[in-house]
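I opened my notebook beside the viewer today. Here is the model I looked through.

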Amino acid sequence: MTQLSAAQNSADAPRSPDSSKALYGGKGTRRITVRDITAAKERGEKWPMLTAYDAMTASVFDEAGIPVMLVGDSAGNCHLGYETTVPVTLDEMTMLSAAVVRGTSRALIVGDLPFGSYQEGPVQALRSATRLVKEAGVGAVKLEGGERSLAQTELLVQSGIPVMSHLGLTPQSVNTMGYRVQGRGDEAAHRLLHDAKAAQDAGAFAVVLELVPEELAAEVTRSLHIPTVGIGAGAGCDAQVLVWTDMLGLTGGKMPRFVKQYADLRGVMSGAAKAFAEDVVGGTFPAPEHAVH
Ligand code: KIV
């Protein structure tokens with residue numbers, strides 16, 4: 001092999017990630033920043049993100065090496081007992097985000113701006129995001145919408161607050177959009193690609209793509225220099241996110257097709273609760289070893 005063809009070969013070869021820097025499985029122990037996320041895209045590295053809403057769960061995911069956690073407003077459905085994300089307040093998001101920050105030492109924590117906390121305009125968005133950064137200690141915020149949230153994204157980024165954008169199915173718009181696949185058909189696909197580029201140009205460091213056809217998500221991923229984080233958007237995205245209660249089988253009921261369930265926490269917890277109740281009713285708990293004298 002000539003020197004030239006060897007050089008060409010190595011340039012063409014898929015870049016093997018520098019394992020010491022890898023977001024997942026890397027050696028770093030300091031808290032991950034958005035600059036690390038940017039570097040991972042440059043290395044062509046895929047990474048996982050999970051939601052978290054409390055300190056203890058977040059500490060488990062942090063110990064497992066999950067590099068980015070989203071304190072999503074899915075907390076509305078998965079933690080606070082609302083039917084949708086719409087009622088979630090900024091006070092609730094601030095409290096939950098602070099707990100997740102306290103429970104972690106390595107993961108980048110992204111706090112969701114809830115419905116009604118940024119739609120009025122950039123100044124309202126800055127006021128809300130500032131609470132999540134100052135009171136809760138998050139390293140970045142997420143907001144829904146591309147073009148429609150551009151001015152907000154620009155002001156937050158100019159003010160030093162990293163922004164993750166959220167496109168495709170945006171659950172805060174459930175009352176107008178429903179829970180439907182987005183970006184189907186040429187015009188919708190073109191609009192989504194345009195929104196993603198606009199979010200990137202406004203300074204977003206990453207874009208969530210929710211419930212978008214796999215081919216379109218892959219095209220968006222190839223077109224951007226910032227990472228895409230897919231949920232129901234296929235394998236072509238740079239990162240994947242799941243809602244933790246879905247991923248661990250705690251959420252009851254029928255799961256969307258894109259969820260992979262890695263455990264049956266609902267079954268485990270229910271079984272344990274019943275075993276405890278039966279021990280109490282049957283008088284076998286507490287046993288002598290559980291008593292103090
Ligand atoms: O709120 C949330 O959990 C989200 C993810 C589904 C991306 O927005």
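**Ground rules.** I am working with a predicted model, where local features need pLDDT of at least 70, side-chain atom pairs count only at pLDDT 80 or more, and totals for chains, interfaces and linings use all residues. Residues are numbered from 1 along each chain as its sequence is written.

**Barrel.** I found a closed barrel of eight strands, running E1-E2-E3-E4-E5-E6-E7-E8 with parallel pairing. Strands here are DSSP runs (E, at least two residues) and helices likewise (H or I, at least four), numbered from the N terminus; two strands pair if DSSP finds at least two bridges between them. I then looked up E4 (residues 140–144) and E5 (residues 163–168), which pair in the parallel sense over four bridges. Val 141 stands opposite Val 163 in E5.

**Helix pair.** Helix H7 (residues 150–158) packs with helix H9 (residues 186–202) at an angle of about 25 degrees, their axes 8 Å apart. Axes are lines fitted to C-alpha atoms, for helices over the stretch in contact, and angles run from 0 to 180 degrees between N-to-C directions. H7 is therefore roughly parallel to H9 (angles under 35 degrees count as such).

**Loop residue.** Phe 258 sits in the loop between helix H11 (244–247) and helix H12 (265–282).

Key
Angles under 35 degrees count as roughly parallel, over 145 as roughly antiparallel, 65 to 115 as roughly perpendicular and the rest as oblique.
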